[in-house]
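Subject: Handover of a structure

Dear colleague,

Please find below the structure that I am passing on to you.

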Amino acid sequence: RSDIKMEYKQLRVWNLKLSDAGMYICKYGSHEVRTSLHIFKLTISLDGHFLQNEVPELILMQNSSSPLPDLSITLFDSKNKRVTSEVQNKSRQKYVVNLKKLEAMDSGTWVCQVHSDSPLINQNISFAVKVLGFQNPDLERKYATVDSTVILSWSLNSQKIKWKEDFTGQLNWKQQESANAHELLDFNVTAQGQLHETKKSSNFLFEIPERKPESTIEVKLPKVHFNHSGQYQCQLEYQGRHAQSKIELVVMKVSANPVGPLSRGANMTLTCQVSGPLPPHAFLRWERVNGTEMDVKTSKQHEVKLEVKISAAGLWSCHLIEGNDRQISLHYHVEEAPVWINYVIIGASVGGSLLVFTLGCLCIISGISWQRRRQRAKRMTQARQYLLENKTCQCQQ
């Protein structure tokens, strides 16, 4: 592993090992030159191939002919930002350093900066880090209205970092955290970067879009139902380790009670409801298009259902607002009943009132007549009793 270039008085050693450290002496006639060779060896766990949220471990070893110096270690990520690290095991010969949890964007060339004051050492050791994972946020929330079309998408960074190893994964759905998971599809990515997907569920209405970028997992819901809400988790597996990314689908629906045209003077209740809990800064709002401030009603924090009692026809809209952004809106057109229907209702009301009044009068007259007949019968009974007691006869004409 070495050779000598006499014309330059150079000794070249390659594939250095820790055992190659020490004092090298060059003798030329009566001249003697001593050179100390200090060797560092840096290794990274899992050969530098990680899944997101995994914690790498660095091992830095050194060897020298002189007493080993006390080193300070500073790490810089692929964006040249200093990384907070923790030295778990520190001896002058071996340093074990644990890094932070990795994200997909951390892929690239990192630098380990080694420093010592005595002897003076300033050495930069570069090493490669590849993080296979999703470019989605940790927990993405997506909103949809009933009967709309939704595409849920997970973007992998395997093409971006030129991941050469193959990996597999699956996409699961469940309505609640504690509910049973339903597997929607399996996928695998070959060492050449080709993505293959297999539909698994036959009881769930979804499609796999054909045209999409490489290393993108997509599920299309052509017509969203209220019960399609919940967590969609995409999970990938590499060498027995797992990484996942979730999309929370929240679905909105509106309804009216009673259903149908709104008559003059009548009321109707409009209900706006979402399928899952909202973040603290999100809320629902009912308002009438081109209406007044009196036609606006806003939900309280953590409310997933908002009702508004209306007496005015027109176009009513329910908005889901997160922060200052309107995420989705669903409209409900309240029709005004035709004039003749109002007249029919008024006539029916008046007719009904007259009928009730007539029936009441008849009942009163019938009651008075019945009372008079009863009193007459009572008087005749008393008269007979009186005649019997006095043994007198009277002729009635």
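**Pockets**

The largest pocket has a volume of about 460 Å³. A pocket is defined on a 1 Å grid over the protein atoms alone, as an open set of points where a 1.4 Å probe fits, with protein on both sides within 12 Å along at least five of seven lines. Grid points are joined across faces, edges and corners, and the volume is the space filled by probe spheres set on the points. Please note that this is a predicted model, in which local features need pLDDT of at least 70 and side-chain atom pairs count only at pLDDT 80 or more, while totals for chains, interfaces and linings use all residues. Residues are numbered from 1 along each chain as its sequence is written, and side-chain values use heavy atoms, with hydrogens and water left out.

Lining residues are those with an atom within 4 Å of a point. The largest pocket has 15 of them, and Lys9, Gln10, Leu11, Tyr24 and Cys26 lie nearest its centre. Strand 2 (10-13), strand 3 (22-28) and strand 4 (31-37) are the elements that each give two or more residues to this lining; strands here are DSSP runs of E with at least two residues, numbered from the N terminus. The greatest contribution comes from strand 3, with five residues. By type, the lining comprises 11 nonpolar, two polar and two charged residues, where Ala, Val, Leu, Ile, Met, Phe, Trp, Tyr, Cys and Pro count as nonpolar, Asp, Glu, Lys and Arg as charged, and the others, Gly among them, as polar.

The second largest pocket has a volume of about 250 Å³. It is lined by 15 residues, and Glu103, Ala104, Met105, Phe134 and Gln135 are the closest to its centre. Its lining divides into six nonpolar, six polar and three charged residues. Where does this pocket lie? It lies between domain 1 (2-132) and domain 2 (140-251), because both give residues to its lining; the domain bounds come from an automatic or database domain assignment.

**Salt bridges**

Side chains of opposite charge can pair when their charged atoms come close. A salt bridge is counted when a side-chain nitrogen of Lys or Arg is within 4 Å of a carboxyl oxygen of Asp or Glu, and by this rule there are seven.

One of them joins glutamate 54 to arginine 241, with the closest N and O atoms 2.9 Å apart. Glutamate 54 is in the loop between strand 6 (49-51) and strand 7 (57-63), and arginine 241 is in strand 21 (residues 241-257), so the pair ties together parts that are 187 residues apart in sequence. Glutamate 54 is buried, at 16% relative accessible area, and arginine 241 is buried, also at 16%. Buried means under 20%, exposed over 50% and partly exposed in between, with a 1.4 Å probe and protein chains only.

Another salt bridge links arginine 12 and aspartate 3 (2.9 Å, N to O). Arginine 12 is partly exposed at 44%, and aspartate 3 is partly exposed at 26%.

Five strands form an open sheet of mixed pairing, in the order 6-13-12-8-9; two strands pair if DSSP finds at least two bridges between them. Strand 6 and strand 9 (82-83) are the edge strands, each pairing on one side only. Strand 6 runs parallel to strand 13 (residues 121-132), and three bridges join them.

Yours sincerely

Conventions. Helices (H or I, at least four residues) and strands (E, at least two) are DSSP runs, numbered from the N terminus.
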